[in-house]
Amino acid sequence: MTVPWMLVLVVASQQPVKVDSETISGLGARNIGSAAMSGRVAALAAVHEGSRLTVYVGAASGGVWKSVNGGTTYKPVFDKQPVQSIGAIAVDPKNPQVVWVGTGEAWTRNSVSIGDGVYKSSDGGDNWTNVGLKESERVAKILVDPTESNVVYVCVPGKLWSDSDVRGVYKTTDGGKSWTRVLKGANTSTGCSMLSLDPQNPKTIFAGMWDFRRKGWTFRSGGDGPAAASGSGLFKSTDGGASWTELDEKSAQGLTSKPWGRIAVSVAPSKPNVVYAFIEAAVPKNGL
């Protein structure tokens with residue numbers, strides 16, 4: 001009785017399997033991958049609260065996530081807001097419950113989402129208030145004065161696909177109730193790419209300004225053509241943004257010659273007289 005059964009089993013297993021549209025007609029489509037092209041981290045801030053490390057992570061298209069155990073676990077804290085693209089996060093050095101978020105990713109890919117200004121939380125991310133700069137579209141950096149919590153600087157690259165007259169460096173002295181643009185780009189395609197301040201003398205600020213434009217078929221970093229001037233530049237203020245001095249290869253030894261593209265700048269926290277500037281050569285046009 002056993003042998004015939006085994007023979008039948010072998011013969012059946014050798015039959016070709018038919019797979020066509022009817023085979024999968026009852027199956028529904030389901031997402032098994034990333035929910036968006038911009039699935040990447042765009043901003044990060046952390047602060048010690050007693051013995052614990054609190055971490056805030058800003059996603060390019062996924063809002064703000066918070067960890068109260070040094071990154072072991074996270075929870076979303078920005079889901080109720082109308083935008084989910086994050087460009088910058090800053091925690092008040094004097095009060096870790098006060099968190100600032102700049103919306104709109106600053107890494108200007110062709111898959112970026114936009115933001116609608118700057119948000120502030122006074123309770124560690126439980127509740128948020130939009131405090132302005134709603135037309136900025138994207139924010140690259142937020143700096144809180146370590147000696148005065150109401151003084152905050154915001155670095156706005158501006159719109160990606162069009163001219164904009166709201167680009168530059170903004171400052172508030174009343175905790176976000178009002179804003180003043182303290183540094184404007186050389187033209188309507190030049191905005192702020194990065195900000196850094198001297199933690200020992202916070203009125204000393206460095207700002208990178210970036211001339212850029214993305215189009216459907218190309219992207220430029222610098223002037224609009226090989227012979228065109230670039231609005232990109234590196235600036236320094238020693239009076240909290242009231243006045244600025246442009247730095248170049250003539251005024252600051254070691255800087256490369258222009259034209260420039262994107263600029264990043266950072267003051268060494270442990271040794272503020274050391275300043276790092278990362279300067280991209282101008283790329284008039286490419287296919288990215």
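1. Let me begin with a charged pair: Glu 246 and Lys 258 join their side chains in a salt bridge, at 2.5 Å from N to O. A salt bridge here is a side-chain nitrogen of Lys or Arg within 4 Å of a carboxyl oxygen of Asp or Glu. Glu 246 sits in strand β17 (residues 245-247) and Lys 258 in the loop between β17 and β18 (260-267), so the pair links distant parts of the chain, twelve residues apart. Helices (H or I, at least four residues) and strands (E, at least two) are DSSP runs, numbered from the N terminus. Glu 246 is partly exposed at 37% relative accessible area, and Lys 258 is partly exposed at 35%. Buried means under 20%, exposed over 50%, and partly exposed in between (1.4 Å probe, protein chains only).

2. A word on provenance: this is a predicted model, where local features need pLDDT of at least 70 and side-chain atom pairs count only at pLDDT 80 or more, while totals for chains, interfaces and linings use all residues. Residues are numbered from 1 along each chain as its sequence is written, and side-chain values use heavy atoms, with hydrogens and water left out.

3. The whole structure holds seven salt bridges. One of them joins the side chains of Glu 105 and Arg 40 at 2.8 Å, N to O. Glu 105 lies in the loop between β6 (99-103) and β7 (118-121) and Arg 40 in the loop between α1 (2-13) and β1, so the pair ties together parts 65 residues apart in sequence. Glu 105 is buried, at 1% relative accessibility.

4. Please look at Arg 138 too, in the loop between β8 (129-132) and β9 (141-144). Is Arg 138 buried or exposed? Arg 138 is buried, with a relative accessible area of 0%. Beyond its neighbours within four places in sequence, Arg 138 is in contact (heavy atoms within 4.5 Å) with several residues, among them Glu 105, Ile 114 and Val 156. The C-alpha atoms of Arg 138 and Ile 114 are 6.1 Å apart, although 24 residues separate the two along the chain.

5. Finally, the sheet: four strands form an open sheet in the order β1-β2-β3-β4, with antiparallel pairing. Strands β1 (41-49) and β4 (75-76) are at the edges with a single partner each, so one side of each lacks a neighbour in the sheet. Two strands pair if DSSP finds at least two bridges between them; β2 (residues 52-59) and β3 (residues 64-67) have four.
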